[in-house]
Amino acid sequence: MYTKKLQHVVKLALLCLFLTTNAQEFNSKKFGKGLFNLVGKDSTWTMKVGMRFQTLALSSWDVQNGLKNPESSMLIRRSRLKFDGWAFSPKLEYKLELGLSNRDKSGASYFTHDAPRQILDAVLKWNFSGDWVLWMGQTKLPGNRERVISSGDLQMVDRSLLNSRFTIDRDIGFQLRHKFKLSDNFLVKHIYAISQGEGRNITRGNLGGHQYTARVELFPFGDFSGKGDYKGSDLKFEPTPKLSVAFNYDLNNNASKNRSNQGSYMFIDGTTAGANAAFFQTDISTLYIDAMYKHKGFSFMAEYADRNAADAIAKNTDGSLTGDVVQVGNGLNLQTGYLLSEKLEVSARYTNISLDKNLTGKGAENQYTLGLSKYIVGHKLKVQTDISYTDIGFSQNQLLYRLQVDIHF
């Protein structure tokens, strides 16, 4: 019922935009630059409307079974509506992104008032002085580089295992961003965030404390072309070497989930989700170190993540164990690619996930991936495929093949 109502609201909003074009300047740019662009007659606001979706086919095999009986599926991996522009002044920008696919909206629970998590981004960006910008609302936290890279700008079909195990993803709160130069070429960007610490679309209030994130990025050779430090592949063919090295620290005070603001809630005393729920809470910290390098069609990205907790073992109020544990440990991701031409790229990735086996009972995971991408119109229209081999604790072996078509308007 809720989903149908929301779909009607989205359709009505789009219809209103079309019907009121006599009050605005209306134009469509070239492919990949938005469906249409609106400018108020009095030039007090702008809006670019875009959409995109990814169609994914995949097959997986259990190597121990001799590659027999593969599991196969097809799905719309992502489907998004995007609105961005500025309001009142070019110094006040906004972004709204809605998820339409089942995967985008998944995660409805008591904590979201049983509503689908439709809103991905809803954020204002106020450039209040010089190079200082204040962000307010829900959006990606300044966490690991691979997560901040848009899913539409990835070098491979999807992000690595490091991201799925260690990301801090989206949350609602405030971010303060600034950049400055140490010399003619050496650029520094730094970001500080205070957020709710519960993840996106949580509407039942804040549990425990807040989440604090700091990120510093160093550019010894200057900035990348076209924000290339947050895009997979060197599609700009950087004529000179470009490098970004970043350091992150995130602290979630009295977190209630087993992966900081992600993962599962750690309930205690036999309670479950509801008004009378009780939680195990502990401080969870995550350290990230990452880098991006690009030059003449070659790219290399490295990420390291390490998660710790003040007390990783969840306990009831009487001291007995609940069975839940914080997913502490570390991960390493190394990824590289080379453009054979402006349209064709080969890529490779190695990922290692090493959670604390004594606590989690999980063995180390190693994944090896080879990818091939055909860029028809850059990241706006592309076909990507990859194949991955994963060993888990040296006792399970899996093979995964994926094929994806990605289109952006």
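Show the surface of the protein chain first: its accessible area is about 19,400 Å², and 60% of that belongs to carbon and sulfur atoms (Shrake-Rupley method, 1.4 Å probe). The model is predicted: local features need pLDDT of at least 70, side-chain atom pairs count only at pLDDT 80 or more, and totals for chains, interfaces and linings use all residues. Residues are numbered from 1 along each chain as its sequence is written, and side-chain values use heavy atoms, with hydrogens and water left out.

Switch to cartoon. The protein chain has 5 helices and 22 strands, taken as DSSP runs (H or I, at least four residues, for helices; E, at least two, for strands) and numbered from the N terminus. Along the principal axes, the C-alpha atoms fill a box of roughly 65 × 50 × 50 Å. Of the 409 residues, 46% are buried, where buried means under 20% relative accessible area, exposed over 50%, and partly exposed in between (1.4 Å probe, protein chains only).

Select Ser347 next. Ser347 sits in strand S19, residues 344–355, and counts as buried because its relative accessible area is 6%. Beyond its neighbours within four places in sequence, the contacts of Ser347 include Gln155, Met156, Thr336 and Leu372; contact means heavy atoms within 4.5 Å.

Now go to the charged side chains. The structure holds 17 salt bridges, each defined as a side-chain nitrogen of Lys or Arg within 4 Å of a carboxyl oxygen of Asp or Glu.

Select Lys95, with Glu97 and Asp121. Lys95 forms a salt bridge with Glu97, with 3.4 Å between the closest N and O atoms. Lys95 also forms one with Asp121, at 3.5 Å between the closest N and O atoms. Lys95 is in strand S5 (residues 89–99) and Asp121 in strand S6 (residues 119–129), so this pair ties together parts 26 residues apart in sequence. How accessible is Lys95? At 26% relative accessibility, Lys95 counts as partly exposed. Glu97, at 3%, is buried, and Asp121, at 1%, is buried.

Move to Asp290 and Arg215. Their side chains meet in a salt bridge, 2.9 Å from N to O. Asp290 belongs to strand S14 (residues 282–295) and Arg215 to strand S10 (residues 211–219), so the pair links parts that are 75 residues apart in sequence. Both Asp290 and Arg215 are buried.

Last, select Arg80, Lys95, Glu97, Asp104, Asp121 and Arg170 together: salt bridges that share partners join these residues into one network.
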